[in-house]
Amino acid sequence: MSSSEKISVGILGATGSVGQKFIELLANHPWFEIKELAASESSAGKNYKDAVDWFLPTPMPEQIREIEVKKCDPNLDCKIVFSGLDSSIAGEVETEFAKNGYVVISNSRNHRMDKDVPLLIPEINPDHIELIKKQEYGEGFIVTNPNCSAIGLSLALKPLIDSFGVESVNVVTMQAISGAGNPKKVKLDIEDNVIPFVKSEEEKMETEPLKIFGELNLDGISFADFQINAQCNRVNVTDGHLETVQVKLKKDTSKNEMISSWRNFSSEPQKLKLPSAPNHPVHYFDEEDFPQPKIHRNIENGMAASIGRLRPDKFFDYKFVVLSHNTVRGAAGGAILCAELLNFKGFI
Ligand code: NAP
């Protein structure tokens, strides 16, 4: 696809942790081209290279360095806006963009539980995009990407729910520093430390998967009815959220059956060969000390979840570990995959 045929996109919150990842992942995208960058008033008016405190290990893409950062007003020259906005303003701003005809794909929590807004993981609930037709924004609409920890957990649960049914889940997270925002700006007391609190995270983990695994019907989504209990911690890791999970299944299942269900899992994005889709959304490792953030977070360009350490549990049926990249699969990469699905299905 030539540059002039690509769909022009904007990034709201382009200077943040998620915004920078959007830039990295969209710099050479086959379908989308970055046209607009927007952030807060303190960044607006500056060239991107001067507005941003770039912290990614990859160099800032040449083509965006001189783009002028704008305010988050709905007068940007693009069709899609990817939002990595702070949740204090994301709700309002995203509504304005949708009302003004933009396709909004958001990483913020604000619209995730709106009745008519899909909480989309393309491998899990691609049918939920039909909810868009119920939205009353006119030409524009909003689609949301789930919470970063909920995405890893949900990718691990999907094959189990499909094959064996899930009754209850207990999960403890160890979440990376980049999940708290641009680490050059957000100062966490994380050296030689673990912070046993991530604001609002436990509530999101306990509710969002129930919408993600909910059933689409005429009234919207009827939520799934399994139970989730979550405890969330911040640890001294740059990227990649690790989660230890205990699960009670609806039927007797062997360890091999569970591992096969993960290894054989494939879905709509793989069938459609969407550009950002991992070949295998879930990887299972036999090594006793895998997965680890430093080793596995970038597997399949950060778009796959890595699972390991499946073993029987004294209180539930089984326990295992899942890892996923928080700013890729859990944010920018996941949102781009949503946009690819929407484009393929003719919604854009
Ligand atoms: P961040 O690094 O703090 O970035 C926030 C962005 O919002 C910056 O670009 C900032 O612009 C902009 N912003 C702040 N106040 C604004 C205002 N009043 N008007 C316009 N723009 C404003 O945060 P982040 O980690 O990227 O997270 C962004 C969103 O994604 C949050 O809602 C977060 O919960 C969600 N999320 C994050 C992750 C993750 O792993 N980090 C994963 C999933 C979801 P300035 O630089 O100009 O201030």
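This is a predicted model: local features need pLDDT of at least 70, side-chain atom pairs count only at pLDDT 80 or more; totals for chains, interfaces and linings use all residues.
Some ground rules. Residues are numbered from 1 along each chain as its sequence is written, and side-chain values use heavy atoms, with hydrogens and water left out. Local features need pLDDT of at least 70 and side-chain atom pairs count only at pLDDT 80 or more, while totals for chains, interfaces and linings use all residues.

I start with the ligand. There are 27 residues around the ligand, and Thr15, Val18, Ser40, Ser43 and Asn182 come nearest; a residue is near if one of its heavy atoms lies within 4 Å. By class, that shell has 17 polar, eight nonpolar and two charged residues. Here Ala, Val, Leu, Ile, Met, Phe, Trp, Tyr, Cys and Pro count as nonpolar, Asp, Glu, Lys and Arg as charged, and the others, Gly among them, as polar.

Next, polar contacts, meaning pairs of N or O atoms within 3.5 Å. A side-chain N or O atom of serine 40 is 2.6 Å from a ligand oxygen. For asparagine 326, a polar side-chain atom lies 3.0 Å from an oxygen atom of the ligand. Glycine 13 uses a polar backbone atom, 3.2 Å from a ligand oxygen.

Now the backbone. Phenylalanine 290 and proline 291 are joined by a cis peptide bond, with omega about 0°. Proline 291 is in the loop between strand S12 (282-285) and helix H8 (293-296). Helices (H or I, at least four residues) and strands (E, at least two) are DSSP runs, numbered from the N terminus.

The loop between H8 and strand S13 (305-312) holds glutamate 300, whose phi is positive, near 50°. Asparagine 301 is also found between H8 and S13, with a positive phi of about 55°. Most residues other than glycine have a negative phi, and most peptide bonds are trans.

Definitions and conventions. A polar contact is a pair of N or O atoms within 3.5 Å; within protein, one must be able to donate a hydrogen and the other to accept it, and residues adjacent in sequence count only if both atoms are side-chain atoms.
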